[in-house]
Amino acid sequence: MMPEQLMDLSRLCVHTITTKPWTIEQAAKNFSEAGIGGITVWRDTLNGRDIKQTGQMLRDSNLDIVSLCRGGFFPNSSVAGRQEAIDDNHKAIDEAVALGAPLIVLVCGAVPGQSLTESRKQIKDGIAAVLPYAEAAGVKLAIEPLHPMYADSRSAINTLAQANDMAEELNSPWLGIALDVYHLWWDPNLEQEIKRCGQNNNLSAFHICDWKSPTLDMLNDRGLMGEGCINIKEIRGWVEESGFNGFIEVEIFSNLYWKENQSVFLKKITEAYLKNS
């Protein structure tokens, strides 16, 4: 069943990476003036800033801070490297607390040449090691499964089923899943896995953009909603039927759009969100 038409921008969240050329201050001003309801902050935008003050600035701009991106990257061929990842995730949790972000998205990581089975074990062990720190801080973690084309170095978690399995095994109210249509639209089991995710109360975030065909770049050529071949409305219907009613987050990596006037691009985002999401 198709979901109801989106009539306003109250549920729209835009990632700072989407309008990468803007500082976080510029993004806050422009998102707020456009009537956008939420912002997801990428950690690079916080460099050199008082994070607590930045969080207050975002709230003063009438923006809900939806999440912080990103933690993760747990696998490593050395014990020291795996510990370094855990330490960085602790730092990300501290940053989320200072910012006032309730959720950290985990891009889980992988090691080229290391078996995916071993990388997945290291991901599970890494999350388990970080979870007590997250719980003590009151910050939730969300596993984001990535498209299989990133299984070499970005994530060994490549399907929603794998993310569901891991979340259920770790069984913590402080661990959920971030679902991104760009990574999962192709999965023939997607509808049933979304339902499973919702039944376990593990669906924590919903990210959208579009898959352009042909795509010019495996990482930085994502499209505006309606510009590619993903049936975003159908997937949103499944997500909402599963019980999710949170923010709909636009996360676009695009060398082409980053070259544009970002105010023009933001207008395109809001129009595409209302028409094609």
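**The largest cavity and its setting**

Analyst: The largest cavity holds about 90 Å³ of space. The model is a predicted one. The structure has one cavity of 30 Å³ or more. Rolling a probe the size of a water molecule over the atoms shows where empty space is left.

Take the lining of the largest cavity next. Its residues are Trp42, Arg70, Val107, Glu144, Leu146, Arg154, His183, Leu219, Arg222, Glu251 and Phe253. By class, five of the lining residues are nonpolar, five are charged and one is polar. Charged side chains are counted here as Asp, Glu, Lys and Arg. In the cavity lining, the charged members are therefore Arg70, Glu144, Arg154, Arg222 and Glu251.

One lining residue deserves a second look. The peptide bond from Cys69 to Arg70 is cis, with omega near 0°. Most residues other than glycine have a negative phi, and most peptide bonds are trans. Phe73 has a positive phi of about 50°, although Phe73 is not a glycine. Phe73 lies in the loop between β3 and α3 (79-99). A cis peptide bond also joins Ser213 and Pro214, with omega about 0°. Pro214 is placed in the loop between β7 and α8 (232-241).

The largest pocket has a volume of about 280 Å³. Of the 17 residues that line the largest pocket, the closest to its centre are Lys140, Leu203, Ser204, Ala205 and Phe244. Strand β7 (residues 203-208) gives the most to this lining, with three residues. By class, the pocket lining has seven nonpolar, eight polar and two charged residues.

Now the helix packing. The axes of α1 (residues 24-34) and α2 (residues 51-60) come within 9 Å and cross at roughly 15°. Angles under 35 degrees count as roughly parallel, so α1 and α2 are roughly parallel to each other. Their crossing is right-handed. On the α1 side, the contact is made by Ile24, Glu25 and Ala28; on the α2 side, by Thr54, Met57 and Leu58. This contact has four nonpolar, one polar and one charged residues. Glu25 is the charged one and Thr54 the polar one, because of how the classes are drawn.

The second pair is α5 (residues 160-170) and α7 (residues 190-199). Their axes come within 9 Å and cross at roughly 20°. That makes α5 roughly parallel to α7. The crossing of α5 and α7 is left-handed. From α5, the contact uses Leu160, Ala161, Asn164, Asp165 and Glu168; from α7, it uses Leu190, Glu193, Ile194, Arg196 and Cys197. By class, this contact has five nonpolar, one polar and four charged residues.

How values were computed:
Residues are numbered from 1 along each chain as its sequence is written. This is a predicted model: local features need pLDDT of at least 70, side-chain atom pairs count only at pLDDT 80 or more; totals for chains, interfaces and linings use all residues. Side-chain values use heavy atoms; hydrogens and water are left out. Axes are lines fitted to C-alpha atoms, for helices over the stretch in contact, and angles run from 0 to 180 degrees between N-to-C directions. Helices (H or I, at least four residues) and strands (E, at least two) are DSSP runs, numbered from the N terminus. Angles under 35 degrees count as roughly parallel, over 145 as roughly antiparallel, 65 to 115 as roughly perpendicular and the rest as oblique. A crossing is left-handed if the near helix is turned anticlockwise from the far one by less than a right angle, and right-handed if clockwise. Contact means heavy atoms within 4.5 Å. On a 1 Å grid over the protein atoms alone, a cavity is a set of points where a 1.4 Å probe fits but cannot get out, and a pocket is an open set with protein on both sides within 12 Å along at least five of seven lines; lining residues have an atom within 4 Å of a point. Grid points are joined across faces, edges and corners, and a volume is the space filled by probe spheres set on the points.
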